[in-house]
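Thanks for coming, everyone. I will keep this brisk. Please have a look at the structure first.

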Amino acid sequence: MSTLSPAVPKFETVGCIGLGLMGHGIAQAAAQSDFKVIAFEQEQRFLDSGRSRIEGSLGKMLKREKITQEKYDQIMGNITYSTNMDDLKDTDLVVEAVIENMDLKKDIYGSLGGICKPEAIFASNTSSLSITDMANVSGRPERFVGVHFFNPVQMMKLVEVIRTEHTHPDVFDACHGWVGDINKIAVSCNDTPGFIVNRLLVPFLTQALLMVDRNDASIKDIDISMQLGAGHPMGPLHLADFIGLDTINNIITGWVEEFPDEPAFEVPKCLTEKIEAGDLGRKTGKGFYHWGEGDKRGDAVE
Ligand code: NAD
């Protein structure tokens, strides 16, 4: 285990890379807790779309009187939007939430390593990729963790904080503490496939999709069964649409490749078909359900 020099920085400025489904929520959560946030996307149009998502979410809170206009302005004022990665150079903690692609993530950490100050800490929001593999290309493996948020970030309290064998304990503790600072609940986990939640959840979801493949039961009946019979707040197909079918597909195909002998890992045919059709769930308006603007419950695609 390496020692740290200089010490872990006091977190004041947080960089967020990728402002998609997860990244905009992470940027918002940090800004709401008064951290200065530098929000980065490669392209202006994606930056604009992340910004409107944050404005939309805070706008709802304002309308429901959960925050005042003053607080709204303060939170928005905490976020700087940028398409220039160099703007991340003074950040203390960088949270990366770009698409689940190891080559892309490695490219980003390779560049970031040369841009950010030496004491800055990097954290990936990956759902399924090896934190160790990313840490190894960052040039600072002792300052690298996973911080796995859940969707929608604004509502979900849990964050899994993941350590590799290289993560310095002080870095881990600082990141665990930061999760509490942004009003979330941290759990600790080693760098293992799927960490805690997805290692249990993804095989469960894919089993439900395999039931669809076999035509064992309808989409609606599978979902109702797990709600009323197992007490789940939403059924597995409904949840799959919320998560994004591309995200689930990326996870399960990666695991099947890496762990071909694990019987719990199997890619359902209906998942492949939905991806090929571009039906990725709620974010594209269609997956196993049809989703209208702002829908919390769509109609099943039978
Ligand atoms: P998303 O597709 O909604 O957003 C990804 C964002 O990354 C997009 O806005 C895209 O423009 C941006 N991006 C792509 N290349 C980039 C680059 N080179 N530089 C900067 N930005 C770039 O995806 P998401 O669902 O938010 O997932 C992001 C990460 O979070 C993934 O690693 C995923 O596994 C993980 N995650 C997802 C969920 C979920 O429920 N969707 C939950 C937890 C973790």
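One cut-off before we start: buried means under 20% relative accessible area. His238 has a relative accessible area of 3%, so it counts as buried. Bear in mind that this is a predicted model.

Where is His238? It sits in helix H9, residues 236-243. What does His238 touch, leaving aside residues up to four places away in sequence? The partners are Asp223, Tyr289, Trp291, Lys296 and Arg297.

Now to helix H5, which spans residues 131-138. Which of its residues are buried? They are Ile131, Thr132, Met134, Ala135 and Ser138. Look down the axis of H5, and these buried residues fall within an arc of 160°, so they line one face of the helix. An α-helix has 3.6 residues a turn, so residues three or four places apart point the same way.

Next, the ends of H5. Ser130 caps the N-terminal end. One of its side-chain oxygens lies 3.3 Å from the backbone nitrogen of Thr132. After H5 comes Gly139, with a positive phi near 80°.

Let's turn to the helix pair. Two packed helices are described by the angle between their axes and the distance between the axes. For H4 and H5, the axes come within 8 Å. They cross at roughly 35°. Is that crossing left-handed or right-handed? The crossing of H4 and H5 is right-handed.

Which residues make the contact? From H4 we have Met102, Lys105, Lys106, Tyr109, Gly110 and Gly113. From H5 we have Asp133, Met134, Val137 and Ser138. Sort the contact by class, and there are four nonpolar, three polar and three charged residues. Note that Met134 and Ser138 are on the H5 side of this contact, and both are among the buried residues of H5.

One more residue in H5: Asn136. Is Asn136 buried, exposed or partly exposed? Its relative accessibility is 47%, so Asn136 counts as partly exposed. Asn136 touches Pro141 and His166, again leaving out residues up to four places away in sequence. Compare Asn136 with Ile252. The two are 116 residues apart in sequence. In space, their C-alpha atoms are 23 Å apart.

Last topic: backbone geometry. Most residues other than glycine have a negative phi, and most peptide bonds are trans.

Start with Asp34. It is not a glycine, yet its phi is positive, about 75°. Asp34 lies in the loop between helix H1 (23-32) and strand E2 (36-40). With a relative accessible area of 44%, Asp34 is partly exposed.

Then Phe195. Here phi is positive too, about 55°, and again the residue is not a glycine. The loop that holds Phe195 runs between strand E8 (185-190) and helix H7 (197-213). Is Phe195 buried or exposed? Phe195 is buried, at a relative accessible area of 4%.

Finally, the peptide bond between Asn151 and Pro152. It is cis, with omega about -5°. Pro152 is in the loop between E6 and E7.

Definitions and conventions: Residues numbered from 1 in each chain as written. Predicted model: local features only at pLDDT ≥ 70, side-chain atom pairs only at ≥ 80, totals over all residues. Heavy atoms only, no water. Buried < 20%, exposed > 50% of the residue type's maximum accessible area, 1.4 Å probe, protein only. Helix = DSSP H or I, 4+ residues; strand = E, 2+ residues; numbered from the N terminus. Arc of directions from axis to C-beta. Polar contact = N/O pair within 3.5 Å; in protein donor to acceptor, adjacent residues only side chain to side chain. Axes fitted to C-alpha atoms, helices over the stretch in contact; angles between N-to-C directions. Left-handed = near helix turned anticlockwise from the far one by under 90°. Contact = heavy atoms within 4.5 Å. Nonpolar A, V, L, I, M, F, W, Y, C, P; charged D, E, K, R; others polar.
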